[in-house]
Amino acid sequence: MTGRHTPDRLARAALTRIADPGDEHVGRWLRRHGSVATLAMITGDDALPGVSDRRTAGYRVRRERADPENDLRAAAALGCRFVCPGDEEWPAQLDDLGDRRPIGLWVRGRPGLRMWSLRSVAVVGARACDSYGTHVAATLAGDLAEAGWTVVSGAAYGIDAAAHRGALAAGGPTSAVVASGTDVPYPPGHAELIGRIAEQGLVVGELPPGAHPTRGRFVLRNRVIAALTRGTVVVEAQLRSGSLVTARWARELGRVTMGVPGPVTSGLSCGVHELLRGEAQLVTDAADVIELVGSVGEDLAPARHGPVLPRDLLAPPAAAVLDALPGRGSRSARRIAEEAGRGLDETLSRLHELRALGFVQRDGPDWRLTPGPPTPPG
């Protein structure tokens, strides 16, 4: 098994079992010494530079549980992969987190994380939302997904769930950033929703298989949601809402921060209105959001050697879906799936990838080839 994985990948997988997400000490060691040396430092017996004895003891208790080969094998059995900095699939905008950058990401789902993150927006808000917030979040997410933007949220109750369901109902792209292992649905009541997201989109987490969430991990995952996307929209939030943490991260990282206003009589509007009194932009629909995040251009996109991937370099599944579109006119996703010999969920995922690359476009409920040569998104 070791021969299938580089020392860097094995070391990083082990470190996700040992260190908490966003650990700046481990991030600094990774930057200075690399993953293999960092793991050797933590699993050794010498004192660790710049950390307390208590923190050192915590690392070394957890090192006994670290079995990266087993974690990688378990992930593969679940249809999950481990994406590391430097991989082709790694979204370079996460590097903006500096020493709080994820050690690596466990990713469940067919689409490429990097590609789906090129045009992505976070939609977050209150767990205890009302019918107004649910309607606004679902409509906003559905319209963003229809326009080719990946809707990113945290799979929690309330606004998160409404956003994911809105994107799924539109047959569009959505990603859930979770505070647990990607095989541990949380909250448990969202097991079916998270399963649907994994089939049609992506479930992403910093923790290895089997890991359970803690209160602190929910706060820490918000930095990934903010860094991964071009902007964050807050729909309903009280003054102490965790979604405001995501908005603060977005602002600190130079992303667009947005809020949807609500009734002044509702306590769920207080957090959003406080954001809007500051630097956040007021938005009321997907068109407002796209106008703001679209102007970012390619600033947050990973560097590319050319404007788009040429057709002959597409992965075989994507090429098969592209070949199933007619030269003229449009075709339904179901018919494309039949022609390509692929499942409907996989076909939808590939169509959204092809759309991000500029090969295809929506034609009402159907799909068609983009006229002329493909152009990069944004």
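1. Cysteines. A disulfide is taken here as a pair of cysteine sulfur atoms within 2.5 Å. Under that criterion the structure, which is a predicted model, contains zero disulfides. Cys80 takes part in no disulfide, and the nearest cysteine sulfur, that of Cys84, is 12 Å away. For Cys84 the closest cysteine sulfur is in turn that of Cys80, and a separation of 12 Å is too far for a bond. Both residues are shielded from solvent: Cys80 is buried at 9% relative accessibility, and Cys84 is buried with a relative accessible area of 1%.

2. Packing of α7 against α13. Two packed helices are described by the angle between their axes and the distance between the axes. Helix α7 (residues 131-146) and helix α13 (residues 286-294) have axes that come within 9 Å and cross at roughly 55 degrees. The two helices are therefore oblique to each other, and α7 passes α13 in a right-handed crossing. On the α7 side the contact involves Leu140, Asp143 and Leu144, which meet Ala286, Val289 and Ile290 of α13. By class, this contact of α7 with α13 comprises five nonpolar residues, no polar residues and one charged residue.

3. Packing of α15 against α16. Helix α15 (residues 333-340) packs on α16 at an angle of about 105 degrees, with the axes 9 Å apart. Because of that angle, α15 is roughly perpendicular to α16. Ala333, Arg334, Ile336 and Ala337 of α15 make the contact with Leu344, Thr347, Leu348 and Leu351 of α16. The residues of this contact divide into six nonpolar, one polar and one charged.

4. Helix α9 (residues 191-200) has several buried residues, namely Leu193, Ile194, Gly195, Ile197, Ala198 and Gln200. The elements that cover these buried residues include the strands β2 (105-108), β5 (174-181) and β6 (202-207). Helices also contribute to the cover, among them α6 (113-117), α8 (159-169) and α16 (344-357).

5. The peptide bond that joins Tyr186 and Pro187 is cis, with omega about 0 degrees. Pro187 is located in the loop between β5 and α9.

6. Positive phi at Ala155. Ala155 is a residue other than glycine, yet its phi is positive, near 65 degrees. Ala155 belongs to the loop between β4 (150-153) and α8. With a relative accessible area of 0%, Ala155 is buried.

7. Positive phi at Glu236. Glu236, likewise not a glycine, has a positive phi of about 60 degrees. The residue lies in the loop between β7 (231-235) and α11 (242-252).

8. Ser35 is part of helix α3 (residues 35-43) and is buried, with a relative accessible area of 5%. Leaving aside residues up to four places away in sequence, Ser35 touches Asp8, Ala11, Arg12, Leu15 and Leu30. Ser35 and Leu325, by contrast, are separated by 290 residues in sequence and by 44 Å in space, C-alpha to C-alpha.

Terms used:
Residues numbered from 1 in each chain as written. Predicted model: local features only at pLDDT ≥ 70, side-chain atom pairs only at ≥ 80, totals over all residues. Heavy atoms only, no water. Buried < 20%, exposed > 50% of the residue type's maximum accessible area, 1.4 Å probe, protein only. Axes fitted to C-alpha atoms, helices over the stretch in contact; angles between N-to-C directions. Helix = DSSP H or I, 4+ residues; strand = E, 2+ residues; numbered from the N terminus. Parallel < 35°, antiparallel > 145°, perpendicular 65-115°, else oblique. Left-handed = near helix turned anticlockwise from the far one by under 90°. Contact = heavy atoms within 4.5 Å. Nonpolar A, V, L, I, M, F, W, Y, C, P; charged D, E, K, R; others polar.
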